[in-house]
Every structure is written in C-alpha cells, then in structure tokens.
Amino acid sequence: MEALLENISGFIFAFIILGSILYFYLRGRAKKTQVVTEKIIRAKEFGLYEPVSLHPVVNQEMCIGSGACIKACPEKDILGLVSGKATTINASRCVGHGACFNACPVKAISLCIGTEKRGVELPHVTPGFETNVSGIYVAGELGGMGLIRNAVEQGKQALNSALKKIDKSVSADYDVAIIGAGPAGLAATLAAAQNNASCITFDQDSLGGTINSFPRAKIVMTSPMEIPLFGKIKLTETSKSELLELWQEILQKNKIRINEEEKVTAINPAHSKFEIVSTKGTYTSRSVIIAIGRRGSPRKLGVPGEDKPKVYYRLVEPELIHNQKILVVGGGDSAIESALLLYEEKNEVTISYRGESFARLKEKNLEKINEAIKNNEVRVLFNTEVDEISDDKVSLKNNSGNMEIENDLVYVFIGGELPIQFLQNTGIMITKKHGDALLSHNK
C-alpha cells in the first residue's frame, strides 16, 4: 500500500512539474506572440509590412518554431514567432541575404519575389539563365537574386550555359561580353578565364556593382562561396572595402581587366553574334551575359545645375570629407546612412526629403537619425524638393515657396531607373512576378 501511495505521489509530483513547465512555456509563448503581433501592427502602420523585393515566405504547416531563422537574420525584426510559428514582420526591410533560408532546420522557408498586391518586373529566363533572345543570359540582381553567394553561383552557371552554345566558327571579337561587374558579372568573368574563353566585361561605374555604391563603412553580409580561379571563401561579415579588395586581388593575380566607367547603350543581334555598343566603342561577341543591378542608372533630379561637379550619386570615401556644407537628397537607408557618416566627419549636413516623415527605414537607422535630429546634429527639411543647384547654394521648394541654403556638396540618393527599356530594346521579354519562389528547397 505504501509503495502504491509513493507511486501515486511521484506521479502527482511529476504531473505538477510538467504542468508548471507547460504553463510557463505557454505563458512565455503568449508574451512573445503579443510582442510580435504589436510589431506587425506598427509595421503595417508605417508601411513596412509589405515586401518590396526578395523576401522569405514561411510554410506554416512545416514550421516547427525553432527560431533558427530569426537568430540567423542579421537585420533583426524581419521575422518573429506568432503562436509558435515564424512569420514576417518588417518584410520591406529584408535585404534578401537568405540566412533564414539556410538556417531553417526543416526547410520551411522559400525566398520569393513580388506579392499578390505588388508585382515585380523581371526578365524571363530559362533554368540555364538564357532569355528569350538566344545567346543572351541574365544573372544576379537583375534576375531577382541579389544575394552575393547566389549571384556568384548564377554568374558561373550563366557562363557555363553560354559556352555550351557558342559557335566558334562565327567570327567575333569575344566569346562572351559581360555587362556589369558586380558579384554575378565578376564570377562569370573569372569563370570565362578559367575556361580559356575570350571575354570583355563592362561596368558603367567601377568594380563591385551595387556593392560599390555602399558607404565605405557599411557592412556587407555574405556566405561561404566558391570563386573561380580562387577557391572557397568563408565570409559571414565583412566591410565593403574588404570585399572589393578581395575581388581586385583575384583579378590582378589573374591579369584580368574590367572596362570600368564604360556604359553599354545597346545590344544588337548581328548574324549569329551580337554587336555591343558602348559609350567608348563597338564590339562583337558570340554571347552576352547581362549582370547589371535592378536599379540600372541612378535616378536624376532633373533640375538646373545637376551636372555641376559638386553633385554625386554615391558616397565612396566619407572619411576624406571634412568641414563642408552638405545636402543629402532622399529619405531611404542609403541617404540616412550617408548623412550620418558625413556628420561624423565634422560636416554640416542637411537632408532634403519630399515626404512628411521617414518611412521604410531600418529600425537602427530610424533610431539614429531621430537621435541626430533631437541633438541638432543633422538638419532635416521634410516636404522639400531641390529646385536648382548653384555653385555655392541650393534652392529648395515646398508648399510655402522657395528657400536657399549655403552648400558645398550635394549627394543624391533617390533610387535608380530600372533598366526595363534597355532590356526591351534588346528584345528581352519581361514578366511580372507576384510572389514566385526564386529559391526553394523543393526546386
């Protein structure tokens, strides 16, 4: 009898312990759900909930709520747990590095482009990255895949697909012409050299593509990847300058030249080859790989004086700029990050933004700029647009009229012009994606 009572007591004690553990677990989960739900509500209020580019989509039936995807994301608050299932919060802030995709232990995440409400225009390509124009391929950010590691893989695969189809009997200057010297274009260039294929690579700016437009201090997230003529590199966090130096080192070691500051203006089919027209000349190639960014060329203000040498569209070396009166135009992350970097270098910084308040900023950037405004470190002029740029002044307009501010330098960060017209002029078919998976464990 005593043994039975002891067993019953033990059972009751174990039941109480397990019940307590379950209670506190469910209570903690409910609190987390409430916090995340409130964040989602705020994200919807500030227009941060709807994704604008590549973003994670969680299969709720597969998700086990491990939280691995949340821990892996360096941007923070892109994903959160609601009732034990991962869901997106500030989807518009996702930079598409794909850490969540690789971290999920049950492969419940796909990386998608576009939504039912907001379609994203992309060139139509085959699994081998060839467009509807035979011999022309698209890789990297323009195809929707801006992740450095995946862009590198796409560049290599596009090059391999091109080499399988080129006709060596066709007379041309090169086997392949590569447009864009970002991760996809550089990987394709190195793969061409590795395969002893003749190649010419253009970039309208300089080596690095989109990466080169980041402020020098900006951290670039990447993943282990295999680079042709170099081997495997393992980088989980690196600065822009370190990443660019790596590319430069590989190119110099293999004596590969990039045609920098040479913009390709047209690609014309010409008797089983292509005529490549640039700002510096005309070339012929048996195939073409387009690896330019989705932004194409920087969007211009379209105002008098914009062609003055004091106007720039990217910030390269903020540490060399001191004691200047600077106007930063724009209200996105690039504009805010650049403005803060310039202030740190003892410059007098003013931001002109046409909106009533900053929207779709990363949380850290929003906190930093609000703190800078509060401390009178950076001056912000909302609801204003540039009207004219003079040698020592800038004229701004708003609903009340015009105002002038003294000025030495102007940095413009208002996005870029999508290269849709360039692609269409080439004959490439454009399709609109409404939530299509570009990267899935099921593919």
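K44 lies over the face of Y49, 4.8 Å from the ring centre; a charge counts as sitting over a ring if NZ of Lys or CZ of Arg is within 6 Å of the ring centre and within 35 degrees of the ring normal. This is a predicted model, where local features need pLDDT of at least 70, side-chain atom pairs count only at pLDDT 80 or more, and totals for chains, interfaces and linings use all residues. Residues are numbered from 1 along each chain as its sequence is written, and side-chain values use heavy atoms, with hydrogens and water left out.

**Aromatic pairs**

- Rings of Phe, Tyr and Trp (its six-membered ring) pair if their centres lie within 6.5 Å, with planes under 30 degrees apart called stacked, over 60 edge-to-face and the rest tilted.
- By this rule there are four aromatic pairs.
- F202 and Y283 are edge-to-face, because their centres are 5.2 Å apart and their planes stand at 65 degrees.
- Y312 and Y411 are stacked, since their centres are 5.4 Å apart and their planes meet at 25 degrees.
- Y353, F358 and F382 form one aromatic cluster.

**Where the partners sit**

- Strands here are DSSP runs (E, at least two residues), numbered from the N terminus.
- F202 in strand β8 (residues 199–203) and Y283 in strand β16 (residues 282–285) are 81 residues apart.
- Y312 lies in strand β19 (residues 311–312) and Y411 in strand β26 (residues 409–412), so this pair ties together parts 99 residues apart in sequence.

**Burial**

- Buried means under 20% relative accessible area, exposed over 50%, and partly exposed in between (1.4 Å probe, protein chains only).
- Both F202 and Y283 are buried.
- Y411 is buried at 4%, whereas Y312 is partly exposed at 37%.

Conventions. Helices (H or I, at least four residues) and strands (E, at least two) are DSSP runs, numbered from the N terminus.
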